[in-house]
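Dear colleague,

Please find below the structure that I am handing over to you, together with its sequence. My notes on it come after the display.

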Amino acid sequence: MTRFVLASASPARLATLRAAGLDPEVVVSGIDEAAITAPDTPSLVVALALAKASAAARSTPGSTVVLGCDSLLELDGRAFGKPLSAADATACWRRMAGRSGVLYTGHTLLHIIDGAIVGTQSSAAATTVHFAAITDAELSAYVASGEPLAVAGAFTIDGLGGWFVDSLEGDHHNVAGVSLPLLRQLLGKLGLSVVDFWAAR
């Protein structure tokens with residue numbers, strides 16, 4: 001049987017995959033994300049996803065599929081990852097409030113058999129996020145909750161941040177950190193079916 005490994009510490013990614021029938025093993029890669037560069041946001045998230053998957057693949061014996069993911073929010077041509085501080089999260093939200101950005105998530109799948117990579121697939125998913133015109137009081141309370149400090153773009157769709165997202169264009173799972181439709185397509189290109197990884201219910 002082929003193991004499924006998630007090379008990410010993101011609770012939202014893990015929860016999304018579990019709700020969709022998978023029960024992945026989690027192997028946190030611990031890469032130096034700041035050392036990875038690319039010419040644009042879609043290329044950068046794919047490069048980060050590949051680095052995470054490759055690092056996690058070093059400890060995967062037998063037949064294994066490793067999924068690496070990374071997300072960034074693009075606004076005004078600039079990519080925003082996790083805020084560095086509460087002040088950074090506040091500044092990010094002041095830019096986003098009442099406007100729209102694009103959340104990119106890079107996905108890389110590595111299929112490994114007996115220590116050798118036999119297949120690789122990578123791609124990025126994009127979802128347009130329309131943010132609410134958040135009030136100063138709401139913003140202060142949201143930043144004080146600590147939630148925006150742990151996520152790309154300083155917001156979530158599946159937590160407190162969901163109150164401040166007016167609408168989405170594209171896959172909503174992607175905003176939680178993993179696009180299920182894209183993941184299914186990438187598995188298919190490796191000759192694998194997502195249903196083979198569904199956990200017993």
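This is a predicted model: local features need pLDDT of at least 70, side-chain atom pairs count only at pLDDT 80 or more; totals for chains, interfaces and linings use all residues.

Residues are numbered from 1 along each chain as its sequence is written, and side-chain values use heavy atoms, with hydrogens and water left out.

Strand β3 and its partners

Helices (H or I, at least four residues) and strands (E, at least two) are DSSP runs, numbered from the N terminus. Strand β3 covers residues 63-75. Of its 13 residues, 11 are buried, so β3 is largely enclosed by the rest of the structure. Here buried means under 20% relative accessible area, exposed means over 50%, and partly exposed lies in between (1.4 Å probe, protein chains only).

Two strands pair if DSSP finds at least two bridges between them. β1 and β3 run parallel and are joined by five bridges, with L6 opposite L67 of β3. The pairing of β3 with β5 is antiparallel and extends over 12 bridges; in it, H107 of β5 is the bridge partner of C69. β3 also runs antiparallel to strand β4 (residues 78-80), to which three bridges join it, and L75 stands opposite R78 in β4. β3 and β4 form a hairpin with two residues between them, and D76 in the turn has a positive phi of about 55 degrees.

D70 lies in strand β3 and is buried, at 5% relative accessibility. Its side chain makes a polar contact of 2.8 Å with the side chain of K52. A polar contact is a pair of N or O atoms within 3.5 Å; within protein, one must be able to donate a hydrogen and the other to accept it, and residues adjacent in sequence count only if both atoms are side-chain atoms. Not counting residues up to four places away in sequence, D70 touches several others, among them R13, E33 and Y104, where contact means heavy atoms within 4.5 Å. The C-alpha atoms of D70 and L50 are separated by 9.1 Å, the two residues being 20 apart along the chain.

S71 is also in β3 and counts as buried at 11% relative accessibility. The side chain of S71 has polar contacts with the side chain of R13 at 3.1 Å and with that of T105 at 2.7 Å.

H111 belongs to strand β5 and is buried, with 10% relative accessibility. Leaving aside neighbours within four places in sequence, the residues in contact with H111 include T2, S63, V118 and L192.

Helix α6

The buried residues of α6 are L182, L183, L186 and L187. They cover an arc of only 135 degrees around the axis, which puts them on the same side of α6; the arc is that of the directions from the helix axis to the C-beta atoms. These buried residues pack against β1, α1 (11-19), β3, β5 (100-113) and β6 (116-131). At the N-terminal end, S179 caps α6, with a side-chain oxygen 3.3 Å from the backbone nitrogen of L182. G191 follows α6 and has a positive phi, near 80 degrees.

Aromatic pairs

The whole structure was searched for aromatic pairs, and six were found. Rings of Phe, Tyr and Trp (its six-membered ring) pair if their centres lie within 6.5 Å; planes under 30 degrees apart count as stacked, over 60 as edge-to-face and the rest as tilted. F4 and F197 form an edge-to-face pair, at 5.5 Å centre to centre and with 70 degrees between the planes. F4 lies in strand β1 (residues 3-7) and F197 in the segment after α6 (180-189), so the pair ties together parts that are 193 residues apart in sequence. F4 is buried at 6% relative accessibility, and F197 is buried at 9%. Elsewhere, ring pairs link W93, F131, Y142, F155 and F164 into a cluster.

Cysteines

A search of the whole structure for disulfides (cysteine sulfur atoms within 2.5 Å) finds zero. C69 is buried, with a relative accessible area of 0%, and C92 is buried at 5%.

With kind regards
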